[in-house]
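This briefing concerns the single chain shown below. Please have its sequence and coordinates to hand while reading.

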Amino acid sequence: MSGARVSSTGASGTGVSVPAVAADRGARLLAEVTRRIEQVLGSVAGIVAAAESIASAAGRPPQGRALRRGDFAATRPLVAALLREHAGLAAGAGVVLAPHTAADAPRCIEWWWAGQGARIVPLEVDLDPGSAEFYDYTTTDWYRAPERTGAPALAGPYVDFICTHEYTFTLAAPVRQAGRFIGVAAADILATQVERLVLPGLSGLGLAALGCTAVLASAHGRVIASTSARLPPGVPLPRSAGFVPLAGPGPGQPGPPPGLLPWALLAIPGG
């Protein structure tokens, strides 16, 4: 009913409530955002399949041979297709190999990002451990989570100083050869692109239509998008805000996240 309200005890301990219609719209908005992110994951899965096929063919007896960096250049058409299909959401994509997977490259990144117009630009990074500019991708959350869990993961938001120089999410899935982890296939999504999805809204929905101060937050309690100028992307969600979860788990709440996208849509009544 239009007059019904959803109540909760906020982080400050004060009982607060928001209209039930906001909770309904919020749940639909978060479901639509999740659907869009999972579409990108579907394209990443295609790159995983191609990379695993390349690895399997190279290791197949009796003419099995060591993998080489150039083998994975064959994934470039799939990366280009991902960036075209998800233009305005995905900013870069590619394959990142575990150390010593390629015989001719101790570390290897085959990564492209969307340049001006329709150009696909290769990413150039310093992979020399002896260099002051060395980029050790094996320490990143987007690499370590799929390596540890064997499942796709979404890392961020974080400031990507290597490629986008903006708040970024990275969606990554493990690549295997004969069951052994050999790297990840991944795609970058800019936080600003997620903002564009949820502020004006998808399918007629949007944060501004919820009738309250609304925040899309990561599982670690960082703002992804909000209707408040005091809560820009990347900042920690204030514990004193008295937020009400509209959809998804509240940041820091116990229990397993619901699938790949453990984001929460929150309301701050009177915020």
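What percentage of the 271 residues in the chain is buried? Buried residues (under 20% relative accessible area, 1.4 Å probe, protein chains only) make up 49% of the chain. The model is predicted, with local features needing pLDDT of at least 70, side-chain atom pairs counting only at pLDDT 80 or more, and totals for chains, interfaces and linings using all residues. Residues are numbered from 1 along each chain as its sequence is written, and side-chain values use heavy atoms, without hydrogens and water.

**Overall make-up**
- The chain has four helices and twelve strands; these are DSSP runs, numbered from the N terminus (helices: H or I, at least four residues; strands: E, at least two).
- Of the contacts (heavy atoms within 4.5 Å) between residues at least 6 apart in sequence, 54% link residues at least 24 apart.

**Helix H4**
- In helix H4 (residues 191–198), six of the eight residues are buried, namely Ala-191, Gln-193, Val-194, Glu-195, Leu-197 and Val-198.
- Their cover includes helix H1 (20–59) and strands S3 (90–97), S7 (167–177), S8 (180–190), S9 (213–217) and S10 (223–226).

**Backbone features**
- A cis peptide bond, with omega near 10°, runs from Gly-156 to Pro-157, and Pro-157 belongs to strand S6 (residues 153–159).
- His-100, in the loop between S3 and strand S4 (108–114), has a positive phi near 70°; this residue counts as exposed (over 50%) at 64% relative accessibility.
- Ala-178 lies in the loop between S7 and S8, has a positive phi near 55° and is exposed, with a relative accessible area of 86%.
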